[in-house]
Amino acid sequence: MDNEINTFKKERQNLFVFIYRKRMPILIVTAAAAIVAVIATLLMTPIYRSTAIVFPAATSTVSFSEQRNAKASSMDIGEEEQTEQLVQILQSSRIRDKIIERYNLREHYDLAKDETNLNFKLVNEYNGHFFFVRTRYGSIQIDVLDKDPVLAADMANAIVDLIDTVKNNMIYERTLPAYETNLRKKDQMEKERKIILDKLDSLGSLGVISLDGRTTLYQAYVDSKNEVDRKELKEKIDINLKHGAEFDGLEFIRNEKIIKLEDFRISYEQAESDANTQFTHKFVVEKAVVADKKDKPKRMIIVLLVSLGTFVFMIFLLLLTDKYKEIKIAA
């Protein structure tokens with residue numbers, strides 16, 4: 001019994017001897033596993049990858065300010081902050097829901113309408129086929145995996161196009177209230193200015209004139225020698241004495257409102273542009289094309305991993321078996 005135990009120990013201490021002695025069961029099981037892995041990979045549906053690459057734009061607006069930010073040019077590529085924002089938009093339900101609906105991905109992923117936890121499973125399928133990764137160059141790589149290479153390319157390019165649609169909708173939701181507020185304010189200011197102008201026109205029709213004109217009117221009255229002219233000038237002077245102060249006040253208010261309205265017009269035009277202009281928010285570096293080679297399964301890698309795993313497992317299993325025999329003999 002002691003001799004058998006010593007034999008077991010010596011064989012385990014020399015692993016190569018142990019493997020050689022057990023080579024037949026190890027090779028047979030490993031070969032069988034490799035054959036099964038080959039058959040399994042041949043039965044797997046090929047998956048194709050389509051890739052699009054975009055850079056975010058630095059700005060989403062046209063500036064009407066005279067002091068233009070050098071980094072806010074529509075020609076500039078966005079930096080890290082804009083890239084991270086765009087990744088969040090790409091991962092949002094706004095884009096996901098549009099793609100799922102447009103390409104009927106529920107049926108495409110073989111999910112029934114009455115499927116339990118349908119939304120959860122559908123989102124998981126989507127997340128397993130769509131990937132948005134920021135590259136080291138500051139761009140965003142959009143990868144779409146699908147069993148249909150044409151559909152994969154179409155969906156990748158559709159996502160690229162949806163970037164502008166979704167972001168413009170988000171901007172519109174944010175800027176529309178500001179634009180409507182500015183529009184109401186502008187209409188109110190123009191209405192108030194019109195009321196002032198109408199009052200000035202009404203006083204002007206009575207013969208009320210500006211302060212400079214009144215000075216000339218007084219001088220004409222002094223210089224006039226004709227009684228008829230003097231009477232007419234006196235009537236005009238009386239009217240201006242009665243309404244002159246009101247006319248001067250309205251003129252001052254009119255000028256102030258004109259200045260304020262012109263200053264406000266920049267703010268209004270900015271709000272109008274932000275709310276109504278459709279911008280392109282990305283630079284397309286590479287559009288997705290139809291893949292002519294499958295991305296997975298990697299048959300060779302799978303077979304090698306299965307074979308290696310089986311080989312190691314068999315050695316471990318045989319070592320345990322020998323240890324069990326040793327314990328049984330010792331008992």
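The predicted model contains 12 salt bridges, a salt bridge being a side-chain nitrogen of Lys or Arg within 4 Å of a carboxyl oxygen of Asp or Glu. Residues are numbered from 1 along each chain as its sequence is written. Because the model is predicted, local features require pLDDT of at least 70 and side-chain atom pairs pLDDT 80 or more, whereas totals for chains, interfaces and linings use all residues, and side-chain values rest on heavy atoms, without hydrogens and water.

One of the salt bridges joins Lys257 to Glu192, with the closest N and O atoms 2.9 Å apart. Lys257 belongs to helix 10 (residues 227–276) and Glu192 to helix 8 (residues 149–206), so the contact ties together parts 65 residues apart in sequence; helices are DSSP runs of H or I with at least four residues, numbered from the N terminus. Lys257 is partly exposed, at 23% relative accessible area, and Glu192 is partly exposed at 29% (buried, under 20%; exposed, over 50%; partly exposed, in between; 1.4 Å probe, protein chains only). Within helix 8, Asp198 and Lys194 are 4 residues apart, about one helical turn, and their side chains form a salt bridge at 3.1 Å, N to O.

The search of the whole structure also returned 1 aromatic pair. The ring centres of Tyr126 and Phe130 are 4.2 Å apart and their planes lie at 15°, so the pair is stacked (centres within 6.5 Å; planes under 30 degrees apart for stacked, over 60 for edge-to-face, the rest tilted). Tyr126 is buried, with a relative accessible area of 3%, and Phe130 is buried at 4%.

Definitions and conventions:
Rings of Phe, Tyr and Trp (its six-membered ring) pair if their centres lie within 6.5 Å; planes under 30 degrees apart count as stacked, over 60 as edge-to-face and the rest as tilted. Helices (H or I, at least four residues) and strands (E, at least two) are DSSP runs, numbered from the N terminus.
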